[in-house]
Amino acid sequence: MNIIVIGCGKVGAALTQQLANENHDVTVIDVDGETIEDVSSENDVRGVVGNGASYLVQQEAGIQEADLMIAVTHSDELNLLCCLIAKKAGNCPTIARVRSPIYNSEIDFIKEGLGLAMVINPEYAAAVEMSRILRRRSAIEISPFAKGKVEMQKFRILEGSLLCGMALSDISAKLHCDVLVCTVERGDEVVIPDGSFVLQAHDRVSFVASPHNAAAFFRKIGIENAAVKSCMIIGGGTVAYYLASLLLAAGVKVKIIDQSKERCEELSVLLPKAVVVCGDATDQRLLIEEGMAYMDAFVAATGLDEENILLSLLAQTKSNAKTITKVTRINYDHVIESLELDSTINPKEITAQSIIRYVRAMQNSVGGNMESLYRIIEGRAEAMEFHITEPSELTSAPLCKLSLRKNILIGCISRGGKVVFPRGQDQIRVGDTIVVVSGIIGLNDVREILRR
């Protein structure tokens with residue numbers, strides 16, 4: 001596809017890299033010539049220096065031949081203007097990043113009024129992800145499929161766990177739980193395992209199950225899985241505001257700590273049910289005085305990655321709280337994982353992933369439409385949801401007779417409101433929704449899971 005990306009900040013650069021890696025023809029636009037030179041040379045893409053809201057600049061970038069235009073500059077208004085001009089100039093689908101809470105309640109109106117294909121709000125999307133994780137204390141990550149009927153959850157096996165030394169084939173017989181393990185991360189190794197795989201302490205395990213069965217599974221292995229009832233949020237930025245709003249609506253007690261007196265006054269008005277404390281959260285005495293040790297959850301959401309990481313590590317030593325750490329540096333994932341923090345959320349990565357999912361869906365061939373895409377392990381494993389719309393090789397025989405590619409797993413089949421964890425004799429039908437876990441990055445068409 002021919003794609004134009006306007007804005008080469010962290011999101012734009014990450015998006016450009018992923019799109020280029022998936023063999024799209026990408027043109028980037030930014031007012032900063034040095035940034036354009038760095039991004040275009042690093043990713044072997046075309047660069048145009050100029051204001052992306054300029055009709056002439058968009059023409060130079062090839063807007064009339066573009067299949068998609070994505071505006072991810074630092075300004076919401078500029079992004080919307082870029083999309084409006086692109087729609088008039090090239091009549092191609094457009095995606096805008098819109099971050100301000102002022103516009104968040106008007107997103108549907110803006111999207112429809114400007115004819116946008118997608119509007120993405122990184123901070124709100126991050127807050128939604130955080131609130132979802134806090135509904136299941138045991139999970140590091142939760143990805144919903146089949147309209148919430150199925151979830152992929154990731155958790156870490158602790159020392160002394162019932163699962164240590166257990167083969168995957170024994171889970172169903174010994175625990176009587178209907179769950180399917182999809183991936184296991186062990187150190188730097190990522191495995192899509194078979195039944196003979198034996199679990200060990202410190203493994204990070206992703207499995208597919210219904211919410212009910214997932215709760216039963218955690219209960220049987222002795223891990224608490226109830227929703228949190230209280231949460232301390234460090235930092236009073238946009239992510240914190242969105243998250244506090246969601247938690248308060250769910251009946252969770254929220255305490256926010258921020259250094260800025262002006263921001264605390266704003267939050268007190270915006271969130272009257274929250275407790276807002278003005279103070280320096282790097283002061284351990286303040287955190288202890290404000291009850292950190294008794295909180296069910298602790299979210300570090302300041303503007304500094306280093307501060308967030310240190311605060312979460314402190315919370316893990318001083319309390320039993322479920323911790324969530326907001327990070328923004330996309331390239332430090334490997335380092336952060338080695339620290340064994342509970343959950344990390346990267347708004348920029350969520351933005352890039354949402355846009356990549358839309359691009360993949362645009363490329364779908366006839367037969368199956370991509371409905372969801374989640375990165376289980378960045379650059380190494382993905383989970384995708386496909387809706388089967390027409391007969392194909394996939395619907396012609398039972399699963400045991402299909403020749404699946406290596407590192408491909410069909411996690412579940414959703415049919416008529418029911419979820420099936422497939423056995424060899426089960427068969428995919430037109431109208432089904434299937435979840436595919438793949439160690440092959442960049443699949444667009446469901447039929448690509450078969451050997452050719």
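Where helix α7 meets helix α10, Glu 123, Tyr 124, Ala 127, Val 128, Met 130, Ser 131 and Leu 134 of α7 are in contact with Thr 238, Val 239, Tyr 242, Leu 243, Leu 246 and Leu 247 of α10, contact meaning heavy atoms within 4.5 Å. The model is a predicted one, in which local features need pLDDT of at least 70 and side-chain atom pairs count only at pLDDT 80 or more, while totals for chains, interfaces and linings use all residues. Residues are numbered from 1 along each chain as its sequence is written, and side-chain values use heavy atoms, with hydrogens and water left out.

Helix α7 covers residues 122-134 and helix α10 residues 238-249, and their axes come within 8 Å and cross at roughly 45°. The axes are lines fitted to C-alpha atoms, for helices over the stretch in contact, and the angles run from 0 to 180 degrees between N-to-C directions. That angle makes α7 oblique to α10, given that angles under 35 degrees count as roughly parallel, over 145 as roughly antiparallel, 65 to 115 as roughly perpendicular and the rest as oblique. The crossing of α7 and α10 is right-handed; a crossing has this hand if the near helix is turned clockwise from the far one by less than a right angle, and is left-handed if anticlockwise.

On the α1 side the contact is made by Ala 13, Thr 16, Gln 17 and Ala 20, and on the α2 side by Val 39, Glu 42 and Asn 43.

The aromatic rings come next. The structure holds nine aromatic pairs, where rings of Phe, Tyr and Trp (its six-membered ring) pair if their centres lie within 6.5 Å, and planes under 30 degrees apart count as stacked, over 60 as edge-to-face and the rest as tilted. The rings of Phe 207 and Phe 218 have centres 5.6 Å apart and planes at 65°, so this pair is edge-to-face. It links distant parts of the chain, with Phe 207 in strand β11 (residues 204-209) and Phe 218 in helix α9 (residues 211-220), eleven residues apart. Phe 217 and Phe 218 form a tilted pair, 5.7 Å centre to centre with 55° between the planes. Phe 207 has a relative accessible area of 1% and is buried, a term for values under 20%, with over 50% exposed and partly exposed in between (1.4 Å probe, protein chains only). Phe 218 is buried at 0%, and Phe 217 is buried at 2%. Together with Phe 155, the residues Phe 207, Phe 217 and Phe 218 form one aromatic cluster.

Cys 92 is found in the loop between α4 (76-90) and β5 (94-97), and its relative accessibility is 2%. Its C-alpha atom is separated by 5.6 Å from that of Leu 68, 24 residues apart along the chain. Asn 308 lies in helix α13 (residues 305-318) and is buried at 0% relative accessibility. Not counting residues up to four places away in sequence, Asn 308 touches Ala 300, Ala 301, Thr 302, Thr 325 and Lys 326.

Conventions
Helices (H or I, at least four residues) and strands (E, at least two) are DSSP runs, numbered from the N terminus.
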